[in-house]
Amino acid sequence: MPHLWINKNDEVGWQTLALGLGSTALDLATLGLRLPGIPPIVPLLQRIVRRDHPEQWALFAPPDRIRINGRLELLGLRLLHDRDRLEVRGLPPFYFSTERLAAVEKFPGSEKTVFCPRCRDAIDAGADAVRCPGCGMWHHQMAGRNCFTYAETCALCSQRSALDGRYRWTPEEVE
Ligand SMILES: [Zn+2]
Ligand SMILES: [Zn+2]
């Protein structure tokens, strides 16, 4: 799920704010931020949904107030990409991230049999499984068959397999 990293004050440090499927726009009030001269209900981030496209998010703010990755955005509107550093004059800097966390879900089943890349057995519909956020492949993750967490990383890619709710990338890498 896309999320923001915001550092409202140095004591708390960087915190994530999920951009959930339910939300279509995020305003300053929702973010707990205030910007002089801009009503708090004006959307700052807007979800953009187009058929057959992955969801995208755009940032709005008055031109000359937005910097993305250090560059002034004169249009006042910009589609966001993973790890973009967003600066809106008057607000603390924040980051946009599209990283998803690995989580155990019920395998929804599929027309063609899906085989676990770790043990090579079929995955049954309804079985506890993890869809790797890195490569998108399903792995078993149930009692006696913890295929996703069996090794340090996914069976097919470099995605960390720990189900500890920690993101691989945080702004501390670059700040
Ligand atoms: Zn397996
Ligand atoms: Zn993977």
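**Exercise 1. Classify the partners of a salt bridge.**

The side chains of Arg 78 and Asp 84 form a salt bridge, with N and O 3.1 Å apart. Are Arg 78 and Asp 84 buried or exposed?

*Solution.* This is a predicted model, in which local features need pLDDT of at least 70, side-chain atom pairs count only at pLDDT 80 or more, and totals for chains, interfaces and linings use all residues. Residues are numbered from 1 along each chain as its sequence is written, chains are lettered from A and ligands numbered from 1 in the order in which they are written, and side-chain values use heavy atoms, with hydrogens and water left out.

Step 1. A salt bridge is a side-chain nitrogen of Lys or Arg within 4 Å of a carboxyl oxygen of Asp or Glu. By this rule the structure has eight salt bridges.

Step 2. Buried means under 20% relative accessible area, exposed means over 50%, and partly exposed lies in between (1.4 Å probe, protein chains only).

Step 3. Apply them. Arg 78 has 19% relative accessibility, so Arg 78 is buried. Asp 84 has 5%, so Asp 84 is buried.

**Exercise 2. Follow the salt bridges of Asp 164.**

Which side chains meet Asp 164 in a salt bridge?

*Solution.* Step 1. Arg 160 is one partner, with the closest N and O atoms 2.7 Å apart. Arg 166 is another, at 3.5 Å, N to O.

Step 1. Asp 164 has a relative accessible area of 36%, so Asp 164 is partly exposed. Arg 160 is partly exposed at 28%. Arg 166 is exposed at 57%.

Step 2. Look for a network. Salt bridges with shared partners join Arg 85, Glu 87 and Glu 175 into one network.

**Exercise 3. Describe the zinc site.**

Which residues coordinate the zinc ion (ligand 2), and what is the arrangement of the four donor atoms?

*Solution.* Step 1. List the donors. Donors are N, O and S atoms within 2.8 Å of the metal (3.2 Å for Na, K and Ca); water is not among the atoms, so sites may look incomplete. Here the SG atoms of Cys 132, Cys 135, Cys 154 and Cys 157 coordinate the zinc ion at 2.3 Å.

Step 1. Check the angles. Four donors count as tetrahedral if all angles lie between 85 and 135 degrees. The angles at this zinc ion run from 102 to 117°, so the arrangement is tetrahedral. The ideal angle for four tetrahedral donors is 109.5 degrees.

Step 2. Read the spacing. Along the chain, the donors follow C-x2-C-x18-C-x2-C. Cys 132, in the loop between E12 and E13, and Cys 154, in the segment after E13, are 22 residues apart. Strands (E) are DSSP runs of at least two residues, numbered from the N terminus. Both Cys 132 and Cys 154 are buried.

**Exercise 4. Classify two aromatic pairs.**

How do the rings of Trp 14 and Tyr 95 pair, and how do those of Phe 107 and Trp 138?

*Solution.* Step 1. Set the rule. Rings of Phe, Tyr and Trp (its six-membered ring) pair if their centres lie within 6.5 Å; planes under 30 degrees apart are stacked, over 60 edge-to-face and the rest tilted. The structure holds four aromatic pairs.

Step 1. Take Trp 14 and Tyr 95. Their centres are 5.5 Å apart and their planes at 70°, so the pair is edge-to-face. Trp 14 lies in the loop between E1 and E2 and Tyr 95 in strand E10, so the pair ties together parts 81 residues apart in sequence.

Step 2. Take Phe 107 and Trp 138. This pair is edge-to-face, at 5.1 Å centre to centre and 70° between the planes.

Notes: Helix = DSSP H or I, 4+ residues; strand = E, 2+ residues; numbered from the N terminus. Tetrahedral: all angles 85-135°; square planar, octahedral: opposite > 155°, others 65-115°.
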